[in-house]
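Dear colleague,

Here is the structure I said I would hand over. My notes on what was found follow it.

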Number of protein chains: 2
Amino acid sequence: MAATDTVGLVRTATEFRRWWSDRQRAGRFEVIRVPFTDLAPWSFHQDTGNLRHASGRFFTIEGIRVEVGGTPIRAQPIINQPEIGVLGLLVREIDEVLHCLLQAKMEPGNINTLQLSPTVQATRSNYTQVHRGDRTRYLEYFIGDDLGETIVDVNQSEQGTWYWRKRNRNIVVLIDREVPLTDDYRWLPISLVYQLLRVDHLVNMDTRTVLACLPMSESTTAPNTMDATRAAAELLDASYFNGTPRASRTSRHGLSEIMSWLIDAKTRCEWDTRLVPLCDVSTWRRTDDEITDGDRGHFRVIGIRATAGNREVTTWTQPLLAPRGHGLAVFVTKRFNGVPHLLVAARSEIGLLDMVEIGPTVHLQPGEDTSSLDHPLLKRVAMAEIGRLRYDAMLSEEGGRFHHAVTRYRVIEIDDELPVDFPENFCWLTIRQLMTLLRHGHYVNIEARTLLACTHVLS
Amino acid sequence: MAATDTVGLVRTATEFRRWWSDRQRAGRFEVIRVPFTDLAPWSFHQDTGNLRHASGRFFTIEGIRVEVGGTPIRAQPIINQPEIGVLGLLVREIDEVLHCLLQAKMEPGNINTLQLSPTVQATRSNYTQVHRGDRTRYLEYFIGDDLGETIVDVNQSEQGTWYWRKRNRNIVVLIDREVPLTDDYRWLPISLVYQLLRVDHLVNMDTRTVLACLPMSESTTAPNTMDATRAAAELLDASYFNGTPRASRTSRHGLSEIMSWLIDAKTRCEWDTRLVPLCDVSTWRRTDDEITDGDRGHFRVIGIRATAGNREVTTWTQPLLAPRGHGLAVFVTKRFNGVPHLLVAARSEIGLLDMVEIGPTVHLQPGEDTSSLDHPLLKRVAMAEIGRLRYDAMLSEEGGRFHHAVTRYRVIEIDDELPVDFPENFCWLTIRQLMTLLRHGHYVNIEARTLLACTHVLS
């Protein structure tokens, strides 16, 4: 089909800016802080102190306690959202180039209000219409009806320090037909989406995680066609253990070695966690309009009222988790035998389903400083005092749950010799190995997935 | 190396029986019921009522509550064992045949006391010597030192209705040298181990799950050599998505279709669970010597004192979970285009890490009758009124946690037409597809893993 026939196509950065300005002007969206007393239908349970919606759906703010050998170590509030939501991306080949159907979507916690979202971004409560709003557009392509070819379908984790065992279903579906569009939806060539990843606070977290799960050819010159994507998927799946479980010419470690390394890290993890009533989290306190830790070093839980013209419902209240300051997530990359490798960490986080996933080389939470880094090189990486900065942007985390949660994402390339005595929780993986593990859930954490998507930007 | 030179080799069923009788005579093991007041260092926590060891290690008996949309539905006691234990199997080629190093091991809950265990079967509390007993034999082959070739290394679940998110590390390591043996350890050809799977209450649960994770050629005439095992592993990993995500000549469904089917089942799972204090489980009550449900339909928690001559410590007390009656687990198998397929169910269990795993065609808990089966064919399968019974044995579940927990395992082959309108939580998988999924954790539940090992017995 010729591009000129295609409705809702955004071909270039210039066309994108025009559409985006239109959307910003068209949007009516207001977010105001409200005290907890004005947050109905959200309220605190009288026995547990948990903050919850009257329907029992959506999510709750509860307490989580970390224990070692049965002894409580610390506790904090956490978001418990047991439902599996859908992050769905429709893709389509137009003029032999892969295009993604993206949405200009407002979320109450977003910086700039409007960010670029996947085709569908919906909790189960949303799409089963607990709040009786409009039905979720395009959901039928991802759930139930078999309207396209499923390229990606995997449950992935989200922020392990803010969510209790969150899973979202990352789905990419290929279609070969036009779909009815509203002004909020446009088809973008995938290369343009990668380009837009360099813009601060534009491509939202949900788009980034789904993009990261989309199999890519490692060659930047390979065409972004559907056949290339299918071929990349098959290559990933077929090369699962690289033919050999041991290191080879193309990777420092075989995948089964990497999986043993990850299981080792899980085995060493001596703490355990459990949900507790929020009122038992004694080091945090609740005021009229926030829940905050005594040191004011972590995050706050606040209440907001949002009013919008283009969401499923026009006005609603909800709690948001508001971090203090911004986080930092860095991948160190280096070529071995010409093959780019990423230095990853086996990172334990209290809310992760299986406690440990593969994370960036360096990941500092908002408010966390470099004193937590247990290797001098990692401190230098965090300060960007080493290597060549290949990617650097401030990106937002989920604006539907977090208020202005920002992470500085960086990719640093290091050419010279690196010390080999990294702590045991670090390992060098190739990009392909990381993409291969992403075919399954709960191997690669959300920050590493964002950074993996960003590595595709590097020329 | 010639077999005649090998120390501790058991070649035939006759030799096995001789060794086993010796072990039964040599063993000194006594298990007596004790009231909870005599269970020290185990005691009930005064606030929570949870039953725990004074060290805070090993495991606890707590409460689990099932909720739908925040509303409690039911509650029961559950074993919480957050540590990752090791189930390790040493394998070695002797006279070009693969042999496993197995152990005659006594467990307090075992039927017949003595059962055939893997080389290493140890909780982390065990092997880090919380109870100051002897060190765990052969552990160095599986943890830390790199003394062999790792063939299998994967965390798998255990009983999802009795354990809270239990994970055990299933490891198979190939070595090429003699190891020092005591009388409790013998090298058995793998074909003999499979043969012994037909004997009631002999091959224990831990051996079965590790065996299930060992890649096998699907051809029963293929030699059980290490090369054949390595080739099988590579084939499994390389064929991950069968080349195509859709059905093919050799399987009714492609693996990515199967993974979407499993995620669908997880998405439909509308309940959620959380640990609660055991004293909040109001429908169960605690007497002097047991914790039991009001209907006496489920299981009891009891206390025992064990005295043994060949364990790490010679006497200890502990709680055991004692089911009432025995369970039933059945795989229905059928050839499509000559390729054997298994009818599996996406089975949700309250204690599973991610709520749903692949289970047998039919699985009834001890005490559960066929009224829970939602398809007439499944009732006939449960009554063995259909098809040809290819495998039938009474096997024990973990004797270190459960008292006389028995499951009747059956494989039923059906040749004639089957109805195609199975409920959406059923799917036909090939044996190879099930083995492929077992390269990762938490896809295949413990009963399905036992049955998968049993399918290798069928000629």
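To begin with burial: 63% of the 459 residues in chain A are buried. Please keep in mind throughout that this is a predicted model.

Overall build of chain A

The secondary structure of chain A consists of nine helices and 25 strands. Along the principal axes, its C-alpha atoms fill a box of roughly 60 × 60 × 40 Å. The radius of gyration of chain A is 22 Å, which agrees with the value near 23 Å that a compact globule of 459 residues would have. Of the contacts in chain A between residues at least 6 apart in sequence, 71% are between residues at least 24 apart.

Surface and charge

Chain A has an accessible surface of about 17100 Å², and carbon and sulfur atoms account for 47% of this. Its charged side chains number 52 positive and 58 negative. The centres of these two sets are 2 Å apart.

The contact between the chains

Backbone points to check

If you intend to set up calculations on the model, the following places concern the backbone.

There is a cis peptide bond between Ala40(A) and Pro41(A), with omega about 10°. Pro41(A) sits in the loop that runs between strand S1 (29–34) and strand S2 (42–44) of chain A. In chain B, the bond from Ala40(B) to Pro41(B) is cis as well, and its omega is near 10°. Pro41(B) belongs to the loop between strand S1 (29–34) and strand S2 (42–44) of chain B.

Phe58(A) is not a glycine, yet its phi is positive, near 60°. This residue lies in the loop between strand S3 (51–53) and strand S4 (60–68) of chain A. Is Phe58(A) buried or exposed? Its relative accessible area is 11%, and the cut-off for buried is under 20%, so Phe58(A) is buried.

Arg165(A), also a residue other than glycine, has a positive phi of about 50°. Its place is the loop between strand S11 (163–164) and strand S12 (168–175) of chain A. With a relative accessibility of 9%, Arg165(A) counts as buried.

One exposed glycine

Gly367(A) is in the loop between strand S22 (362–364) and helix H7 (376–382) of chain A. Its relative accessible area is 59%; exposed means over 50%, so Gly367(A) is exposed. Which residues does Gly367(A) touch, leaving aside those up to four places away in sequence? They are Gly297(A), Arg324(A) and His326(A). Leu328(A) is 39 residues from Gly367(A) along the chain, and the C-alpha atoms of the two are separated by 9.8 Å.

Regards

How values were computed: Residues numbered from 1 in each chain as written. Chains lettered and ligands numbered in written order. Predicted model: local features only at pLDDT ≥ 70, side-chain atom pairs only at ≥ 80, totals over all residues. Heavy atoms only, no water. Helix = DSSP H or I, 4+ residues; strand = E, 2+ residues; numbered from the N terminus. Rg over C-alpha atoms; globule rule 2.2 N^0.38 Å. Buried < 20%, exposed > 50% of the residue type's maximum accessible area, 1.4 Å probe, protein only. Contact = heavy atoms within 4.5 Å. Areas by Shrake-Rupley, 256 points an atom, 1.4 Å probe, with all protein chains shown as cover. Lys, Arg positive; Asp, Glu negative; His and termini not counted. Charge placed at Lys NZ, Arg CZ, Asp CG, Glu CD.
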